[in-house]
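I have opened my notebook for a new structure. Take a look at it with me before I write anything down.

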Amino acid sequence: MSVLLELSSGTFVADLFTEECPKACLNFLKLCKLKYYNNNLIFSVEKDFIIQTGDPTGTGSGGRSVFGVLASDSGKSKKDRGFFEDEIKPGLELNKKGLLCMANTGPNTNASQFFVTLRGHDLEYLNGKHTIFGEVVEGMETLEELGDIFVDESKRPYQDVRVLHTHILDDPFPDPEGMTAPDQSPEVMVPEEETVSKRTPYGEDSSKKNEGRTKEEIEESIRREEAKSRAEVLEMMGDLPDADIKPPENVLFVCKLNPVTMDEDLEMIFSRFGEIKECEIIRDKETGDSLQYAFIEFTTEEQCQEAYFKMNNVMIDDRRIKVDFSQSVAKIWNKWTMSKRLPRRPANAVSHGYDKHSNNDQRNSKVEDKSTLKSRDDHYDRRSRDDDRYGRSSSWIRENRNNHTHREPHRRRDEDYRYRKRDRDKYRDRKRDSRDKRDRSRERDRRRDQDRRRERKRDRY
């Protein structure tokens, strides 16, 4: 007494309770045999609740039982839906996932619609209202996947999921009088009674897109689409300026460095492949210690590729380094964000030789030669991109790495401690207020209960 239902999203097998609910099981089996459920829409999906189908109109207000179908075929009544009575059994309760139940609009209004439960708790209020005539024994993952599909405000999926075929594995009931089962499934993909608008069939886009493609091409396409969707999410969150932004192709990422390796050493080793625009080992902002990875920017992409092929897994300072093409867009992102919030450089910053990090005041000095002006201009642009939160450039940090004066002064640490203490006190006060509010609420409830007990005692005597 089993039926296999093939949906657009997968298949599942249901065992029927033929002894407990014979009329509901007979109705379901004979409708399956008549191919009545073929191509019916899954018109309602409620996450962690139910999946409902069995209505050829797709609206949730139609459908006929096998008795109504036979009456219509014989010409007796085309409006008769063939309702039959409920079969409520004390031993059958809605307490598990995957139960098949008849959908109705009131007592004894069962026809063709049924639903499948997606949870096994908080369904007691439905007991005694719906006939439970079967349960899913295989393919529960199909129902779970269908339960996660996106739906509109009326609970209808945005993609049309249909019952493609129903296969009866065991039928203990004889056919009713006048019933003639069709030899094959209907050729039309949409029932004639369906009145709702059509939507994109479930899985149609992916199947058409993958026609004539190899497995490797399909996997690559899936990875590309996932990466694009993640980039769009980051753009919406404000973590990327543009979803189509690409990392620079002339920058290498070097990791597993020895902590003693210096920027100058790494630059000298990689300079054999071409001119290096920038070589920076990333360091801790507080201590200045190496984080054991670096970025190396070359002038051309060819130089970058040659360095990648020849320097990967090479030993530097007794460490076998790992070299790969950089996937970071931090430089582009920082340049984009800082250009929005930093003021424009004053026009006389270069002409007067003004440098924020210089120890000597050169504002009144004469205009220097072109090479000096160009170097100062480049230094200002680099500072605007690479300054840390204390206004120190990366080049200045490298020059003063062994000098402890470049670290954060004690005054700043004292201020940070004072701020932390202030936040800690705020959190403590907030927690104390919450505790006091809770205690007042409990005391109010306790007094109210005492008053109620006194009133009940007074009424009793």
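In what order do the nine strands of the open sheet come? I find β3-β10-β1-β2-β8-β6-β7-β5-β4, with antiparallel pairing. At the edges I see β3 (40-41) and β4 (44-46), each of which pairs on one side only. Two strands count as a pair if DSSP finds at least two bridges between them. Helices (H or I, at least four residues) and strands (E, at least two) are DSSP runs, numbered from the N terminus.

Ground rules, before I go on. This is a predicted model with residues numbered from 1 along each chain as its sequence is written. Local features need pLDDT of at least 70 and side-chain atom pairs count only at pLDDT 80 or more, while totals for chains, interfaces and linings use all residues, and side-chain values use heavy atoms, with hydrogens and water left out.

**Entry: inside the sheet**

I followed β2 to its partner β8 (residues 132-138). The two strands run antiparallel and share four bridges. One residue I checked was valine 13, whose bridge partner in β8 is glutamate 138.

**Entry: serine 9**

Where does serine 9 sit? I found serine 9 in the loop between β1 (2-7) and β2 (10-16). Is serine 9 buried or exposed? Its relative accessible area is 12%, so serine 9 is buried. For this word the cut-offs are under 20% relative accessible area for buried, over 50% for exposed, and partly exposed in between (1.4 Å probe, protein chains only). I then listed its contacts (heavy atoms within 4.5 Å). Leaving aside neighbours within four places in sequence, serine 9 touches Thr142, Glu145, Leu146, Val161 and Tyr202.

**Entry: salt bridges**

How many salt bridges does a search of the whole structure find? The search gives 21. Each one is a side-chain nitrogen of Lys or Arg within 4 Å of a carboxyl oxygen of Asp or Glu.

I looked up aspartate 171 and lysine 30, whose closest N and O atoms are 2.7 Å apart. Lysine 30 is buried at 0% relative accessibility, whereas aspartate 171 is partly exposed at 24%.

Next came aspartate 175 and lysine 33, with 3.0 Å between the closest N and O atoms of their salt bridge. Here the loop between β10 and β11 holds aspartate 175 and helix α1 holds lysine 33, so parts 142 residues apart in sequence are tied together. Aspartate 175 is partly exposed at 37%, and lysine 33 is partly exposed at 29%. I noted that Lys30, Lys33, Asp171 and Asp175 are linked in a network of salt bridges.

**Entry: confidence**

Last, I checked pLDDT, the predictor's confidence in each residue, from 0 to 100. The protein averages 79, and 75% of the residues score at least 70. Confidence is highest in strand β7 (residues 114-117), at a mean of 95, and lowest in helix α9 (residues 348-351), at 42. Over residues 379-386 the pLDDT is below 50, though this stretch has 18 contacts in the model beyond near neighbours in sequence. Where pLDDT is low, the predicted coordinates should not be read in detail.
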